[in-house]
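Please examine the sequence and the three-dimensional structure displayed here. An explanation in running paragraphs accompanies them.

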Amino acid sequence: MLLTFGVQPASAQSLAGKQIKVVVPYPAGGTGDVVARAIAQAITEKTGQTIIVEDKPGAGSIVGTDFVSRATPDGTTLLLAENPFILSSILFPGHYDPVSSFEPVCYVAATPAVFAVSNKSDIKNLADFLKLAKTKAGAASYGSTGPASIVHIAGELLKRDAKIDMTYVPYPGSPPAMNATLAGTITAVMANYSDLKGQIDAGTLRPIAVLMKTRVDALPNVPTLAENGFNDLDASVWFSFVAPAKTPKETLAQLTQYIGDAVKAPAVAERLKAQGMFVKLFCGAEFGSFLADQKAKYTEFTRAFDIKP
């Protein structure tokens, strides 16, 4: 018993004094980068722990993700993971597995995907859009980042479930898809709320549906696709932290404590809210089940719609 009690403090302090690196597999300045830096700063302020955020973009997030999967599993290297963490593993097999190559730490925030039209459009709601798509072949179109993105798959699900003819127009990012919608080149845009927030707030874009199962506080008057009967359509973009496989449980518990305390800090919640995100915290086994479910779901969707890189 004395030996056991003597070991516990050492395990609990396994990260004390060590530098922790958070790898963001996307370019600097993106939403994931903002999330990582906000939480890293909060951890440092509370614990004094040194947290470095390093951006390693490339190959649809694979470069940075592969790097972390091969890192020493001691808790000093973490990955900021988003939806492509799942999709890239399916579309480009042979690199890493989102379940077996990593340990789940915490899901921390999300931003909903939004279906929007120009405020100059005659389309006032989702019913108007569906009516257009059903009554005039080729008249309805939507743009999004893609192909092979979460919002692309959401669009294909809407086409299938609503039984409509809707032309998909891929763009290299949300801003050009949004600009094409504003210019009237395409009918609508599907994109992250954080990317469309400025134009929605300015009134130049009209959101007609939120691609989540529940409404969001930032858009209280905008119905969800689930409210319109499309229950499978949840295309929110989520942000989370994972560690290399075989990271010790005691170390994962300490990381969970660090991240959980940081996410609960009012300054972090406000910073994320300003970026069009909302905090949603769950960790450990619950987050692991979520990742396994996402892998199964998007494996099915990419096969069903023949989605290719």
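The model is predicted, so local features need pLDDT of at least 70 and side-chain atom pairs count only at pLDDT 80 or more, while totals for chains, interfaces and linings use all residues. Residues are numbered from 1 along each chain as its sequence is written, and side-chain values use heavy atoms, with hydrogens and water left out.

The protein's secondary structure comprises 11 helices and 11 strands; helices (H or I, at least four residues) and strands (E, at least two) are DSSP runs numbered from the N terminus. With a radius of gyration of 21 Å, close to the 19 Å that the globule rule gives for 309 residues, the protein is as compact as a globular protein of that length. The radius is taken over C-alpha atoms, and the rule is 2.2 Å times the number of residues to the power 0.38. The C-alpha trace spans about 75 × 40 × 30 Å along its principal axes.

Of the 309 residues, 50% are buried, where buried means under 20% relative accessible area, computed with a 1.4 Å probe on protein chains only. In soluble globular proteins, nonpolar side chains tend to be buried together. A nonpolar core is a set of buried Ala, Val, Leu, Ile, Met, Phe, Trp, Tyr and Cys residues joined through side-chain atoms within 4.5 Å. The largest such core has 53 residues, of which F85, F115 and F129 touch the most other members. Helix 6 gives the most to this core, seven residues. Apart from it lies another core of 33 residues, including V108, L252, Y258 and V263.

The largest pocket has a volume of about 950 Å³. On a 1 Å grid over the protein atoms alone, a pocket is an open set of points where a 1.4 Å probe fits, with protein on both sides within 12 Å along at least five of seven lines; lining residues have an atom within 4 Å of a point. Grid points are joined across faces, edges and corners, and the volume is the space filled by probe spheres set on the points. Its lining numbers 42 residues, with Y26, E82, P84, T145 and N192 nearest the centre. The largest share, four residues, comes from helix 4.

Helix 6 (150-162) also supplies at least two residues of that lining, and E156 has its place in this helix. E156 is buried, with a relative accessible area of 16%. Leaving aside neighbours within four places in sequence, E156 is in contact (heavy atoms within 4.5 Å) with Y142, Y168 and F305.
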